[in-house]
Amino acid sequence: MDMFNIKPKVYFGINALNHLNELKCKRALVVADPFMVKSLTVNKITEQLDKAEIEYKIFSDVVPDPPVEVIIKGVQIAVGFNPDLIIALGGGSSIDSAKGIRYFSRYVNNELKNNVSQPLFIAIPTTSGTGSEVTNFCIVTDKGKAIKYALIDDNLTPDEAVLDIELVKSVPKTITAETGIDVLTHGIEAYVSTSASDYSDALAEKAIKLVFKYLPKAYENGNDEEARMKMHNASCIAGMAFTNASLGLNHGMAHALGGKFHIPHGRANALLLPYVIEYNANLKNLKGNVDTSSAAYRYTEISKFLGLPSSNQFEGVRSLIAAVKILMNKLDIPKYIKDPKISHSDIEGKLKEMAEAAIKDRCTKTNPRVPEVSDVENLFRNIFPKE
Ligand SMILES: NC(=O)c1ccc[n+]([C@@H]2O[C@H](COP(=O)([O-])OP(=O)(O)OC[C@H]3O[C@@H](n4cnc5c(N)ncnc54)[C@H](O)[C@@H]3O)[C@@H](O)[C@H]2O)c1
Ligand SMILES: [Fe+2]
């Protein structure tokens, strides 16, 4: 038996934030990163809460790739404040922190209190990337072990998502590009996932098409409202696809890379994507017969709906890889990790550990090809420049 989950209500479009002043809550905990406070973005939320006469507290200790410690501090504040509304404002890091805070606030003295009523949880993304506003994923970092973990549980999913493009217009070019490729990676990995279904395919297909059409426009001109709205929708739609179909090796590897070297999540995905497609498609071993469950077949389907040359699977897979590389070029995304702080010996010394972490990552379980440690090490080698 299969199941498809479409839980959060999504409010989107111009003035979507007005939804907040309709709420009948008493106390809101707003979870954000310091940029949201410094840039006064958080005021767009608190003005609505004032109108609705909702008391609020702002917790703005969120940092990129949120560590467990941030969530613990947030839980302490939530338990003291006892909110009936939690609002996450920010990118995936703020939304995932809020997910962790709500989830673990149910534990009082290490005991799960299922009978305690849960605060309403509203996620308001300010990047068009992770889709975290509609997913049951929460990515947390264990700084001690330098590992990012993907927690997956339906109790993590927000109740509502609010997509307002006023919040994404300020996203700088590099972050627009990198978070946009995160959306593309979600769409492609959900489409070739071993848990893909007709339901997730429909969403993944739409998200992939929107990214190819609108990401270059949003990158070129951040004030292009149509492009921003389409990318915000694409991010959310891709989230709906992968919260059901899950992801694959690209994300497993991006988490390992982020945990060890703090490469921003979208950039980590972008660097790896052409190589992971090539690896999964396994063209060298492709037989003449058409196996409709193979990754090569599924990538070719993507090429077909994008209108790329795809008369057979060799051409289909190569066209998709070429289209991804052309898109990355347009977005000025580098082909290698160029960080003077990361030396070649650093990398070689950590490859095995990173490869093992990537294989253990929950996202990798639904990858269409089962990877060996040596395969993953070789995939990582592609994105570090040779000395
Ligand atoms: N839960 C999920 O389903 C899921 C899926 C994919 C990735 N993730 C996780 O999400 C995190 C990445 O999230 P992200 O890519 O959205 O980045 P982020 O939340 O880490 O933010 C990146 C930077 O962008 C800035 N920023 C955010 N919104 C802005 C705006 N409107 N204007 C200007 N600057 C802005 C932030 O202040 C920060 O400096 C990673 O930890 C990743 O592993 C989660
Ligand atoms: Fe992602």
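Tutor: In the protein chain, take contacts between residues at least 6 apart in sequence: 77% of them join residues at least 24 apart. Keep in mind that this is a predicted model.

Student: What counts as a contact here?

Tutor: Two residues are in contact if their C-beta atoms, placed from the backbone, lie within 7 Å.

Student: What is the chain built from, in helices and strands?

Tutor: The secondary structure comes to 13 helices and ten strands.

Student: Why is the protein chain called as compact as a globular protein of its length?

Tutor: Its radius of gyration is 20 Å. The globule rule gives 21 Å for 387 residues. The two values are close, so the chain is as compact as a globular protein of that length. Along its principal axes, the C-alpha trace spans about 65 × 45 × 45 Å.

Student: How much of the protein chain counts as buried?

Tutor: Of the 387 residues, 50% do.

Student: Why does Val-168 count as buried?

Tutor: A residue is buried if 20 or more other C-beta atoms lie within 10 Å of its own. Val-168 has 25 such neighbours, so it counts as buried. Val-168 sits in the loop between strand S10 (160–163) and H5. Setting aside residues up to four places away in sequence, Val-168 touches Thr-126, Thr-127, Ser-128, Arg-228 and His-232.

Student: What makes Ile-45 buried?

Tutor: Ile-45 has 23 other C-beta atoms within 10 Å. The cut-off is 20 or more, so Ile-45 is buried. Ile-45 belongs to helix H2 (residues 41–51). Not counting residues up to four places away in sequence, its contacts are Leu-20, Val-30, Ile-87, Leu-89 and Ile-124. Gly-90 is 45 residues from Ile-45 in sequence and 11 Å away in space, C-alpha to C-alpha.

Student: How do you know whether His-265 is buried or exposed?

Tutor: Count again. His-265 has 26 other C-beta atoms within 10 Å. Exposed would need 12 or fewer, and buried needs 20 or more. His-265 is therefore buried. His-265 lies in helix H9. Leaving aside neighbours within four places in sequence, His-265 is in contact with Gly-92, Asp-182, Ala-254 and Gly-258.

Student: Why are H9 and H11 called roughly antiparallel?

Tutor: Helix H9 (residues 265–281) and helix H11 (residues 313–330) pack at an angle of about 175 degrees. Angles over 145 count as roughly antiparallel. The two helices are therefore roughly antiparallel to each other. Their axes are 10 Å apart.

Student: Which residues make that contact?

Tutor: H9 brings Ala-270, Leu-273, Pro-274, Ile-277, Glu-278 and Ala-281. H11 brings Val-317, Leu-320, Ile-321, Val-324, Lys-325 and Met-328. By class, the contact has ten nonpolar, no polar and two charged residues.

Student: What surrounds ligand 1?

Tutor: A shell of 30 residues. The closest are Phe-35, Gly-91, Gly-92, Ser-93 and Ser-132.

Student: Which elements each supply at least two residues of that shell?

Tutor: Helix H4 (92–105), strand S8 (137–142), helix H5 (173–192) and H9. H4 gives the most, with four residues.

Student: How does the shell around ligand 1 divide by class?

Tutor: Into ten nonpolar, 16 polar and four charged residues. Gly counts as polar in this scheme.

Notes. Residues numbered from 1 in each chain as written. Chains lettered and ligands numbered in written order. Predicted model: local features only at pLDDT ≥ 70, side-chain atom pairs only at ≥ 80, totals over all residues. Axes fitted to C-alpha atoms, helices over the stretch in contact; angles between N-to-C directions. Parallel < 35°, antiparallel > 145°, perpendicular 65-115°, else oblique. Rg over C-alpha atoms; globule rule 2.2 N^0.38 Å. Near = placed C-beta within 6 Å.
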